[in-house]
Amino acid sequence: MSRETIKWLNTMTLIGNTDERGAAWHYRAMSQGEESNHYRGPIPVADVERRLFAWEAVERRVAVEFPATPETMTHLGDHGEPLRWAVQPDRKAVAPDDAELVMGMFKDGYKIHQYRQWLLSNVAAILGEALAVSSAGLLRNRAVAWVEISVPETITTPAGVAFRPNLLACTSFDGSLSTTYQRAVQLVVCDNTMAAALGERGQAVKVKHSRNSLTRIGDVREALAMVHETTESFTADVQRLTATKVSGLEFRQALEVMVPIARDASKRARSIGVSKRQVLTQLWNFDPRVAPWKGTAFGVVQAFNTWHHHEQNGLSGDTHDAKRQARADRNAMRAITGETEKNDAAVVRVLADLVGI
């Protein structure tokens, strides 16, 4: 289940450019608090700082509890036994400066990348007039954060694919992410994130939380150039994918490769595989987010991308809202960890073998 509640998503994420992209699925007026988290245009950098990053992560010492003698004890255990705390000099915890909360535990060499510096200051200092903050948020109890930088206007390819290039800047305090700046594309028709799957590599700049990380600030400038480069790259990718014909037979062959069902599969495994194939076929044939490009390689990529974003379920037994919350958390993490790019690239590789691209 998602770690984020509807209340969290309405107060700890900011959604910009809603005149073009519409409201987020989790929008609830009663959960907005004193001000809406939706912006008709770009999100002011000052609002991101004030509403999300008005605190800092700090280092805390780590101590381990050991048995003690009455003379060395510092406290008693649950059963009255003498215990003592021993500080670990080669370990540290990361916590917010406004709460008693441990977000991560690390070796002494770990370097904190403050959200304001690495996701706002470094980026805002070199934002051009054509770039603006389009979304930002905190996940996993503030241990993960992202800021999305986008061009303000939607771009439409000759094949009718409307998209907006963006750059995702993200980092974490729980060890799950290096500080990462990576390019992606937001598809307007369904608000999916898609990688420029056929484009050149070098789509991401990653900076580890190490002692030498502060020497790599210049990489941010190079990363921001990706936003403009993505327009040309993704347009070329779409042109190739929409120009590549895929027959019904070839689509079924792609399903067999991407959703294999072994002959000796259990009844449950077979049922899951058959169900997934059926949903993907339904998307391919009828869904307005996919069907306009039926019969092309882009339609196949879009079918799988849409399945990952909107059809893959949460935990069994969850309520409808709980599944949607789980999906929102999963999609956000997939986008900022690069899993979305890997999923898209896997489909493209299968198509390259089947029809050539």
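Predicted model: local features only at pLDDT ≥ 70, side-chain atom pairs only at ≥ 80, totals over all residues.
Select residues 267-286, which form helix H7; its 20 residues reach 28 Å from the first C-alpha to the last, close to the 28 Å expected at 1.5 Å a residue. Now show the side chains of Gly273, Lys276, Leu280, Leu283 and Trp284, which are buried in H7. They cover an arc of only 100 degrees around the axis, and therefore lie on the same side of H7. An α-helix has 3.6 residues a turn, so residues three or four places apart point the same way.

Move on to the largest nonpolar core, which has 32 residues, and pick out Val48, Phe53, Val94, Tyr115, Leu138, Val147 and Phe173, the ones that touch the most other members. Among the elements that give two or more residues to this core are helix H4 (115-124), strand S6 (132-139) and strand S7 (144-150), and H4 gives the most, with five residues.

Centre the view on Tyr115, whose contacts, leaving aside residues up to four places away in sequence, include Phe53, Trp55, Leu138, Arg142 and Phe173. Finally, select Phe163, Val185, Phe251 and Leu255, which are included in a second, separate core of 26 residues.

Definitions and conventions
Residues numbered from 1 in each chain as written. Heavy atoms only, no water. Helix = DSSP H or I, 4+ residues; strand = E, 2+ residues; numbered from the N terminus. Expected span 1.5 Å × (residues − 1). Buried < 20%, exposed > 50% of the residue type's maximum accessible area, 1.4 Å probe, protein only. Arc of directions from axis to C-beta. Core = buried A, V, L, I, M, F, W, Y, C linked by side-chain atoms within 4.5 Å. Contact = heavy atoms within 4.5 Å.
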